[in-house]
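Have the sequence and the three-dimensional view open while you read.

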Amino acid sequence: MESIDRRKFLKGSIGAATTLTVLSSGRGSDAANKVVMGIMGVGGRGRSLLSSLVKRSDVYIKYICDADTRSYGPAAEIVMEGHDYRPKFVQDFRKMLEDPQVDAIVVATSDRWHALATIMACRAGKDVYVEKPLSLSIWDGSTMVEAARKYQRIVQVGIQSRSAPYIDKAADYIQSGKLGEVYLARVFLMQNSPPITVADARSVPDGLDYDLWCGPSPVLPYRPGRWFWRLWDFYVGYIMADMTHQIDLARYVIGKEYPDTVCNAGGVYHFDDGREQPDTQFATLEFGKLTMLFEASLWSPYMHRIVHLPDKDKFPEWPFSATKVEICGSKGFMCLGRHGGGWQVFEGDPSVRRSKAVVSEPADLKFGSIIDAHFDDFVDCIRTRKRPKADVEQAHISMVLCHLANISYRVGNRKLKFDGQTETFGDDGEANRYLKANYRKPWVVPDKV
């Protein structure tokens, strides 16, 4: 394909981009033997995923999709930097689903679109990479699993730490019995976050299909920024949207699925920005003889997020790690870090009344490499039809734990009994009303996929 002047192209109109056919009928030479993808949502997260995808020689990005035409230029530039071709732009993601050349869709929108876009893509015969948090409700997540299984689709979720080799080694250590009996697990998200800015309402800017942008959520007055992060109809809350990573890690290494009970504590204590979700959250989940605790705050400047470490033989400063997992066994105590933090096991020495590290497993990949490994798994599964490491069903079960804590909060921090077989709260009508999100027609998750 002839080289394209990137800057000259980006000065051109969106209309020119939408009429360009990137591939000829059948697969053109650039897409031959490659996985052809379209990406939906190219804000900050979507552009980050594009930066990882364009490093691959086995992927062809045919479509960029966003409700806001202004997002096309920066996203297209990433593709052109990596592969020197211009992807096609569409505002409506259904146009990607209608293209028989497209093998897979990347869903990098905000939460409200994750479930419906994934289900529609499965029904159209496309495999899906969908970002976390998986769903707005328990029912949405279970319907995503149902769609993946019914249409035999690969659906991988952006809980990337499952692709870090050191996580498997930590799980093997625990499940071999070396930590002893595990009765307690603690999962943390403690960091310092800014308030959510709520700008004044204004006219919808040219180029933005605001109705499509809102999608399943209510059409409220347009405001720039992430004002919608404070509302249940748009978002699961910053705590659970991010803590799902650590929750999934904890569940993976200890081998648990659904809890018997949940009881939340906390609320909106620090911020005065109109948010509906807690900024302080402590939840207790009981799995028979194992108790899992969630500890979260969004106002803790002394805690530090460890996305990746500069040296692979170093570990986080565990007491002040914002995103750690602690596994307490009868023989030892494990600290486990997400996204490249590694893990260590400590055992006590009664003679000196102190503990020492007996096993150390530094991160064997930095965070960027973990994302690359995650896409390695996705592309391999598209070709082999094996289930990915971060399969939608496993991501759903982890997300159920997040939803349970939130639902307990929404019913007054009551202790709730949960039936994992039916994914309901039995005859507790007040809790059951939060099992399903309130979607706006016509963007409604179907009762039958």
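Helix 4 covers residues 72-83, which is 12 residues, and it spans 16 Å from its first C-alpha to its last, close to the 16 Å expected at 1.5 Å a residue. The model is a predicted one. Which residues of helix 4 are buried? They are Tyr 72, Gly 73, Ala 75, Ala 76, Ile 78, Val 79 and Met 80. After helix 4 comes Asp 84, and the phi of Asp 84 is positive, near 60°.

Next, find Ile 327. This residue sits in strand 11, made of residues 324-329. Is Ile 327 buried or exposed? Its relative accessible area is 0%, and buried means under 20%, so Ile 327 counts as buried.

What does Ile 327 touch, if residues up to four places away in sequence are not counted? Its contacts are Ile 174, Leu 179, Val 182, Leu 184, Ala 185, Val 253, Ile 254, Gly 332, Phe 333 and Met 334. For Ile 327 and Val 345, the separation is 18 residues in sequence and 9.2 Å in space, taken from C-alpha to C-alpha.

The largest pocket has a volume of about 1200 Å³. It is lined by 49 residues, and those closest to its centre are Arg 45, Ala 108, Thr 109, Ser 110 and Arg 226. Sorted by class, the lining of the largest pocket holds 22 nonpolar, 14 polar and 13 charged residues.

Finally, step back to the whole protein. How many helices and strands does the protein have? There are 13 helices and 15 strands. The protein has 449 residues, and 57% of them are buried; Ile 327 is one of the buried residues. Consider the contacts between residues at least 6 apart in sequence: 73% of these join residues at least 24 apart. The accessible surface of the protein is about 18800 Å², and carbon and sulfur atoms account for 48% of that surface.

Key. Residues numbered from 1 in each chain as written. Predicted model: local features only at pLDDT ≥ 70, side-chain atom pairs only at ≥ 80, totals over all residues. Heavy atoms only, no water. 1 Å grid on protein atoms, 1.4 Å probe; cavity = no way out; pocket = protein on both sides within 12 Å on 5 of 7 lines; lining within 4 Å. Points joined across faces, edges and corners; volume = space filled by probe spheres on them. Nonpolar A, V, L, I, M, F, W, Y, C, P; charged D, E, K, R; others polar. Helix = DSSP H or I, 4+ residues; strand = E, 2+ residues; numbered from the N terminus. Buried < 20%, exposed > 50% of the residue type's maximum accessible area, 1.4 Å probe, protein only. Contact = heavy atoms within 4.5 Å. Areas by Shrake-Rupley, 256 points an atom, 1.4 Å probe, with all protein chains shown as cover. Expected span 1.5 Å × (residues − 1).
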